[in-house]
Amino acid sequence: MQEGGKREWEFVLKLAQQPSTPAQGLAALVALRATRDPALADATFAFAMNRARDQDAPYCARGLARNKSMRKVLVAHVKENFDALEKRYAGTFGMVRWIEASFARAPRARLQTEYLTSMSV
């Protein structure tokens, strides 16, 4: 996936959506992160927000956070979509999982913490 392009990303996405086993599905969700293409990182985030099951979406975020070249992309998306995430995960621990996954490895962790504490959660 790291050296692949859109075709490889789409193949891994299909594995994530229709896995042979639950383990294969989780592995595919995390593998979506390996791209070096910002457009595919955007597509991974869009998949997590719009098509992934609630319990699976944070795996996409965790994967992007592990991809050093895509951390800033992930943080920007989470900030931009904070209200939608908060609404989607209201009353669950899902929001906590998103924040942990997205900001734990983020650059300038102190600034991210300050941003999050300024939000009305």
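Predicted model: local features only at pLDDT ≥ 70, side-chain atom pairs only at ≥ 80, totals over all residues.
View 1. D56 sits in the loop that links α3 to α4, and α4 covers residues 57–66. The side chain of D56 makes a polar contact with the side chain of R53, at 2.8 Å. Beyond its neighbours within four places in sequence, D56 is in contact with two residues, L26 and L29.

**View 2. The packing of α1 against α3.** Helix α1 spans residues 6–17 and helix α3 spans residues 38–50. Their axes lie 11 Å apart. The angle between the two helices is about 15 degrees. Angles under 35 degrees count as roughly parallel, so α1 and α3 are roughly parallel to each other. The crossing of this pair is right-handed.

**View 3. Side by side: the residues of the α1 and α3 contact.** From α1, the residues that take part are K6, W9, L13 and Q17. From α3, they are L40, A43, T44 and F47. By class, the contact has five nonpolar residues, two polar residues and one charged residue.

**View 4. L64 and its surroundings.** L64 belongs to helix α4. Its relative accessible area is 2%, so L64 is buried. Leaving out residues up to four places away in sequence, L64 touches R33, A41, T44, F45, M70, R71 and L74. One of these, T44, also belongs to the α3 side of the contact with α1. The C-alpha atom of L64 is separated from that of A101 by 8.7 Å. Along the chain, L64 and A101 are 37 residues apart.

**View 5. The whole chain, for orientation.** The protein chain has eight helices and zero strands. Along the sequence, its pattern reads α-α-α-α-α-α-α-α.

Note on methods:
Residues numbered from 1 in each chain as written. Heavy atoms only, no water. Axes fitted to C-alpha atoms, helices over the stretch in contact; angles between N-to-C directions. Helix = DSSP H or I, 4+ residues; strand = E, 2+ residues; numbered from the N terminus. Parallel < 35°, antiparallel > 145°, perpendicular 65-115°, else oblique. Left-handed = near helix turned anticlockwise from the far one by under 90°. Contact = heavy atoms within 4.5 Å. Nonpolar A, V, L, I, M, F, W, Y, C, P; charged D, E, K, R; others polar. Polar contact = N/O pair within 3.5 Å; in protein donor to acceptor, adjacent residues only side chain to side chain. Buried < 20%, exposed > 50% of the residue type's maximum accessible area, 1.4 Å probe, protein only.
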